[in-house]
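I opened the model to look up a metal site, a pocket and the packing. My notes follow.

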Amino acid sequence: MSSAAIFPPPPEHMARLTTLVDRFAGRLENRLLRASPWQVVQVSTREPIVSFTFDDVPASALDAGATILEADGVRGTFYISGGLAGRVEPGRTMIDLAGCKELAARGHEIGCHSHAHRDLRHVDSETLVEDLARNAGYLDAIDPRSGRRNFAYPYNSGSFGKRAILANAFRTCRAGGEGINRGPTDPTFLRAVEIRQPQQHVLGLVRWIDALIADPGWLIFFTHDIAPRPTPYGCTAPGFRLLVGYALARGCHVLTVDAALDRMGLRERAP
Ligand SMILES: [Zn+2]
């Protein structure tokens with residue numbers, strides 16, 4: 001037997017292996033969730049609808065992102081994690097309560113992104129219910145409402161065991177998946193396309209808008225910060241402005257998630 005077989009791998013190698021296995025398991029679970037919808041609604045294919053959404057949310061999404069949308073007379077959906085409020089991270093500072101109130105006052109939709117921003121696969125049901133109640137308290141202080149909000153999964157990571165809780169609590173739940181919602185669609189696992197770096201990738205995203213014009217449905221974009229030097233998960237202001245302007249120039253209806261659901265006749269049911 002060789003000496004390599006006697007000693008375990010170094011801890012940093014084990015940690016990396018664990019992360020890789022977890023990522024693979026997450027991707028597999030998302031694929032299985034797509035293959036077995038919890039609910040099915042019909043997303044209209046009569047006209048092209050685009051929603052611009054932000055996750056977490058960095059303060060620059062208000063300062064630059066919301067301002068760009070407003071300049072074109074449209075609004076976005078901002079999925080807020082109360083637990084991230086005001087946090088300073090490398091390359092971005094998170095929006096605080098006052099910033100969220102400004103978003104709501106300017107007509108943007110406030111959605112839920114959980115409070116603690118943990119991968120839901122690693123949260124038990126009881127903890128998730130408590131977490132969602134905590135975030136609902138935070139969001140109600142921003143924008144009180146009687147109907148259900150829309151939700152976006154932290155890390156776009158779905159979880160089989162949490163679908164009943166989420167379906168009951170929210171009007172829709174948005175994941176990733178890089179696709180357009182058309183026809184039969186699971187509202188607890190909406191597809192979305194990421195706006196992220198590099199800039200060449202952002203410019204290439206106009207192809208999604210072209211695809212939507214050719215074959216209408218509901219295209220949801222998501223991003224994070226809008227900054228001159230964005231994080232890998234964000235975009236520059238010119239890049240974001242280009243996508244919003246292109247969607248409008250091509251005749252898309254640019255709507256918040258809530259407004260898109262209303263327009264498609266996917267009405268809120270009684271909670
Ligand atoms: Zn997030």
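**Zinc site**

I began with Asp 56, which counts as buried at 5% relative accessibility; buried means under 20% relative accessible area, exposed over 50% and partly exposed in between, with a 1.4 Å probe and protein chains only. The model is predicted, so local features need pLDDT of at least 70 and side-chain atom pairs count only at pLDDT 80 or more, while totals for chains, interfaces and linings use all residues. Residues are numbered from 1 along each chain as its sequence is written, and side-chain values use heavy atoms, with hydrogens and water left out.

Which protein donors does the zinc ion have? I found Asp 56 (OD), His 113 (NE2) and His 117 (NE2), lying 2.1 Å from the zinc ion. Donors are N, O and S atoms within 2.8 Å of the metal (3.2 Å for Na, K and Ca); water is not among the atoms, so sites may look incomplete. The donor residues follow the spacing D-x56-H-x3-H in sequence. Asp 56 sits in strand β2 and His 117 in the loop between β6 (109-112) and α5 (125-142), so this pair ties together parts 61 residues apart in sequence. Helices (H or I, at least four residues) and strands (E, at least two) are DSSP runs, numbered from the N terminus. His 117 is also buried, with a relative accessible area of 12%.

**Largest pocket**

I next checked what lines the largest pocket. Its lining has 39 residues, and Pro 154, Tyr 155, Asn 156, Ser 157 and Glu 194 lie nearest the centre. A pocket is an open set of points on a 1 Å grid over the protein atoms alone, where a 1.4 Å probe fits, with protein on both sides within 12 Å along at least five of seven lines; lining residues have an atom within 4 Å of a point. α2 (11-35), β2 (49-56), β8 (173-177) and β10 (190-194) each supply at least two lining residues. The largest share, 8 residues, comes from α2.

**Packing**

I then turned to the largest nonpolar core, which has 52 residues; Phe 52, Phe 221 and Phe 240 have the most contacts inside it. Such a core is a set of buried Ala, Val, Leu, Ile, Met, Phe, Trp, Tyr and Cys residues joined through side-chain atoms within 4.5 Å. Helix α3 (residues 59-71) gives the largest share of this core, 6 residues. Another core lies apart from it, with 14 residues, among them Ala 152, Trp 218, Val 257 and Leu 261.

Last, I looked up Asp 143, in the loop between α5 and β7 (151-152). Asp 143 counts as buried at 19% relative accessibility.
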